[in-house]
Amino acid sequence: MKKLKICVYAITKNESKFVKRWVESMKEADEIFVLDTGSSDNTVSLLKKYGVHVEKKIIDPWRFDVARNLSLEMVSSDADICVCTDLDEVFEKGWRENLEHVWDQQSMNRLQYLYHWSHTDDGTPTTTFYISKIHSRDGFLWKHPVHEVLEAKEGIVEKNALTDQVVVHHYPDQTKSRSSYLPLLEMSVVEDPDDDRNMHYLGREYMYYQKWDQCIQTLHQHLKMPKATWRDERCASMRFMARSYYAKEYYEEAKMWYEKAILEAPYLREGYLELAQLCYELKEYEEAYDHLMKAFDIKEKSVSYINESFAWNEFIYDLLSLVCYELEKYEDAYVYSKEAIRINPKDERLQSNFRFIEEKAQKKFKES
């Protein structure tokens with residue numbers, strides 16, 4: 001059997017602090033190619049020191065798809081498999097062997113694999129979904145100025161396979177600005193107004209920028225799109241609209257959209273939890289408790305980028321402790337508060353709440 005030639009390609013700018021770790025992870029490949037788009041630090045010299053093929057190119061106006069396609073062009077023409085990564089990503093060791101095991105050139109030209117997008121402080125993954133940035137050398141192009149996607153060229157039939165054996169972890173630079181995302185997303189929607197994914201992303205970006213009315217208008221539009229059929233994403237759009245209405249102090253509208261989000265995807269925790277938090281703030285404690293119990297009934301986290309870390313960390317226990325306290329269920333409040341601290345022992349607010357609730361629970365116990 002012919003040995004597969006596997007090449008990694010990436011784009012970078014001012015990421016010298018990631019270079020050594022990234023190259024160490026990628027060195028299972030036969031060759032590594034990087035397009036530097038204007039680094040002012042020593043990223044380029046470090047990459048070259050570790051034997052990476054590097055080219056430099058200023059892209060003006062900036063677009064992620066242009067940069068990705070130029071970096072893909074750098075890959076050797078005789079490569080069998082191309083692996084697109086970023087310098088803040090790390091593959092689990094043995095990824096090449098696992099890739100070779102699953103790759104069948106006769107039946108596939110693209111691979112979906114596990115991506116741990118975020119982690120707790122101790123390294124436990126919090127948001128995990130599948131990505132598909134591993135593909136055959138020919139037949140694919142990147143599309144969209146931001147949140148770019150890999151698409152098959154005209155006449156090429158995508159033949160996908162899926163594996164849990166190839167796993168990549170994302171450790172982002174939290175200091176990096178995302179200020180270019182909003183104008184690029186606006187450009188994406190103008191270029192391809194029928195793309196429901198980018199419409200959702202644009203609405204979400206408006207929410208991040210606290211542009212509440214634009215968020216609501218854009219996500220309304222997303223929900224009306226014929227291709228917007230994925231219930232998880234529709235649910236997220238509804239939740240983001242609810243957050244925007246809440247920020248505008250339109251609480252009934254916020255409740256209505258959280259309720260719609262729950263009806264859209266009743267198998268996701270997020271809608272129940274956000275509605276419970278709203279009810280708590282409106283002093284509707286019985287209703288908040290009911291929503292929290294329904295969230296508790298959901299035991300499994302789906303593999304999706306829609307999942308948010310707050311739905312699976314200490315938040316549910318923290319909020320339950322507060323709600324139970326208001327309902328004078330002090331012993332329950334104590335149990336939930338203790339569990340919240342077990343999950344996040346460094347949080348001073350949780351510690352303070354626990355001491356207060358513990359005192360109240362002990363007093364209640366003595367009285368009984």
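Reader: What does "buried" mean for a residue here?

Author: The model is a predicted one. Within it, a residue with over 50% relative accessible area is exposed, and one in between the two cut-offs is partly exposed. A residue counts as buried when its relative accessible area is under 20%.

Reader: Which residues of H3 are buried?

Author: Helix H3 covers residues 64-73 and is mostly covered, with seven of its 10 residues buried. The cover over these residues includes E1, E2, E4, strand E7 (125-136), strand E8 (140-143) and helix H5 (181-191). The buried residues are Phe64, Asp65, Ala67, Arg68, Asn69, Ser71 and Leu72.

Reader: What percentage of the residues in the chain is buried?

Author: The chain comes to 14 helices and 10 strands, and its C-alpha trace spans about 80 × 45 × 40 Å along the principal axes. Of contacts between residues at least 6 apart in sequence, 66% join residues at least 24 apart. Among the 368 residues of the chain, the buried share is 52%.

Reader: Which strands are the edge strands of the open sheet of eight strands?

Author: The sheet has mixed pairing and runs in the order E3-E2-E1-E4-E7-E6-E10-E5. An edge strand pairs on one side only, and this applies to strand E3 (53-56) and strand E5 (89-91). Neighbouring strands of the sheet are turned by 30° against each other on average, direction ignored. The edge strands are therefore the two that pair on one side only under the DSSP bridge criterion, namely E3 and E5.

Reader: What is the bridge partner of Val8 in E4?

Author: Strands of a sheet pair through backbone hydrogen bonds, in either the parallel or the antiparallel sense. Strand E1 (residues 6-12) and strand E4 (residues 81-84) pair in the parallel sense, over four bridges. In E4, the partner of Val8 is Val83.

Reader: What angle does the direction of helix H1 make with that of E5?

Author: Helix H1 (residues 16-26) packs on the sheet. There it touches E1, strand E2 (31-36) and E5. The angle between the directions of H1 and E5 is about 30°.

Reader: Which helices are included in what covers the buried residues of H9?

Author: Helix H9 (residues 251-264) has 14 residues and reaches 20 Å from its first C-alpha to its last, close to the 20 Å expected at 1.5 Å a residue. Its buried residues are Ala254, Lys255, Trp257, Tyr258, Ala261, Ile262 and Glu264. Their cover includes helix H7 (212-224), helix H8 (231-247), helix H10 (269-281) and helix H11 (285-296).

Reader: Is His220 buried, exposed or partly exposed?

Author: His220 is found in helix H7 and, not counting residues up to four places away in sequence, touches Met241, Tyr245 and Trp257. The C-alpha atom of His220 is separated by 8.2 Å from that of Ser237, 17 residues apart along the chain. Because its relative accessible area is 29%, His220 is partly exposed.

Reader: How do the residues of the contact of H10 with H12 divide into nonpolar, polar and charged?

Author: H10 and helix H12 (residues 315-326) pack at an angle of about 35°, with their axes 11 Å apart, and the crossing is left-handed. The contact is made by Arg269, Leu273, Ala276, Gln277 and Tyr280 of H10, together with Phe315, Ile316, Leu319, Leu322, Val323 and Glu326 of H12. These residues divide into eight nonpolar, one polar and two charged.

Conventions
Residues numbered from 1 in each chain as written. Predicted model: local features only at pLDDT ≥ 70, side-chain atom pairs only at ≥ 80, totals over all residues. Heavy atoms only, no water. Axes fitted to C-alpha atoms, helices over the stretch in contact; angles between N-to-C directions. Contact = heavy atoms within 4.5 Å. Expected span 1.5 Å × (residues − 1). Buried < 20%, exposed > 50% of the residue type's maximum accessible area, 1.4 Å probe, protein only. Left-handed = near helix turned anticlockwise from the far one by under 90°. Nonpolar A, V, L, I, M, F, W, Y, C, P; charged D, E, K, R; others polar.
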